[in-house]
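Reader: I would like a close look at one part of this chain, the aromatic pair and what surrounds it in the fold. Please keep it plain.

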Amino acid sequence: MIIIMQISYPPQSSEELGKRFLSAPALPDFIKISGPYISSVIHEGIKSITIYEFDESKYGEALNFIVSERVAKYLTVPGLSYSLNHWLEAKDALHLVGLA
């Protein structure tokens with residue numbers, strides 16, 4: 001299972017966000033991370049995407065860590081907005097509808 005975190009913020013908040021990112025605690029061993037990947041979009045600001053991957057059995061622990069130790073650190077960055085999206089592998093989605 002993965003959680004994709006998307007963040008947007010204005011360029012003037014880049015330094016503050018970077019400082020908070022560098023001070024974030026290490027991930028637990030059961031979470032693998034890809035990113036963050038950064039893109040600058042004219043008239044929209046900076047966008048970032050991070051992919052957190054973990055076993056479905058660790059969903060509660062992973063979500064709690066991501067929200068309390070990652071998202072919470074960024075909430076007061078001026079102009080920041082974020083979303084967390086939960087994604088299943090196709091085999092897991094098929095199982096939910098009784099096809100696997």
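Author: What follows starts with the chain as a whole, goes on to the rings, and ends with the strands and the surface.

The model is a predicted one. The chain has 3 helices and 4 strands, and their order along the sequence is β-α-β-β-α-β-α. Along the principal axes, the C-alpha atoms fill a box of roughly 50 × 30 × 20 Å. The chain has 100 residues, of which 26% count as buried.

Now the rings. The structure holds 1 aromatic pair. Its members are Phe54 and Tyr59, with 6.3 Å from centre to centre and 45 degrees between the planes. A pair of aromatic rings is described by these two quantities, the distance of the centres and the angle of the planes.

Are the two partners buried or exposed? Phe54 has a relative accessibility of 5%, so it counts as buried, the limit being under 20%. Tyr59 has 28% and therefore counts as partly exposed, a class that lies between 20% and 50%.

A further ring contact involves a charge: Lys58 lies over the face of Phe30, 5.0 Å from the ring centre.

Next, the strands. Strand β3 takes in residues 45–53 and pairs with strand β1, residues 2–9, in the antiparallel sense over 8 bridges. Within this pairing, Ile2 stands opposite Glu53 of β3. Strand β1 is also joined to strand β4, residues 81–87, by 7 bridges, and these two strands run antiparallel as well. Here Ser8 stands opposite Ser81 in β4. In a regular strand the side chains alternate between the two faces of the sheet.

Strand β2 covers residues 32–41 and includes Ile33. With a relative accessible area of 34%, Ile33 is partly exposed. Ile33 and Gln6 are separated by 27 residues in sequence and by 13 Å in space, C-alpha to C-alpha.

Last, the surface. Leu88, Leu94, Leu96, Val97 and Leu99 make a nonpolar surface patch of about 510 Å². Val97 is placed in the segment after α3, the helix of residues 90–96. Its relative accessible area is 59%, so Val97 is exposed, the cut-off being over 50%.

Technical notes
Residues are numbered from 1 along each chain as its sequence is written. This is a predicted model: local features need pLDDT of at least 70, side-chain atom pairs count only at pLDDT 80 or more; totals for chains, interfaces and linings use all residues. Side-chain values use heavy atoms; hydrogens and water are left out. Patches are made of residues with over 30% relative accessible area and no salt bridge: like charges are joined within 9 Å, nonpolar side chains (Val, Leu, Ile, Met, Phe, Trp, Tyr) within 5 Å. Accessible areas come from the Shrake-Rupley method with a 1.4 Å probe; for residues, only the protein chains shown count as cover. A salt bridge is a side-chain nitrogen of Lys or Arg within 4 Å of a carboxyl oxygen of Asp or Glu. Buried means under 20% relative accessible area, exposed over 50%, partly exposed in between (1.4 Å probe, protein chains only). Rings of Phe, Tyr and Trp (its six-membered ring) pair if their centres lie within 6.5 Å; planes under 30 degrees apart count as stacked, over 60 as edge-to-face and the rest as tilted. A charge sits over a ring if NZ of Lys or CZ of Arg is within 6 Å of the ring centre and within 35 degrees of the ring normal. Two strands pair if DSSP finds at least two bridges between them.
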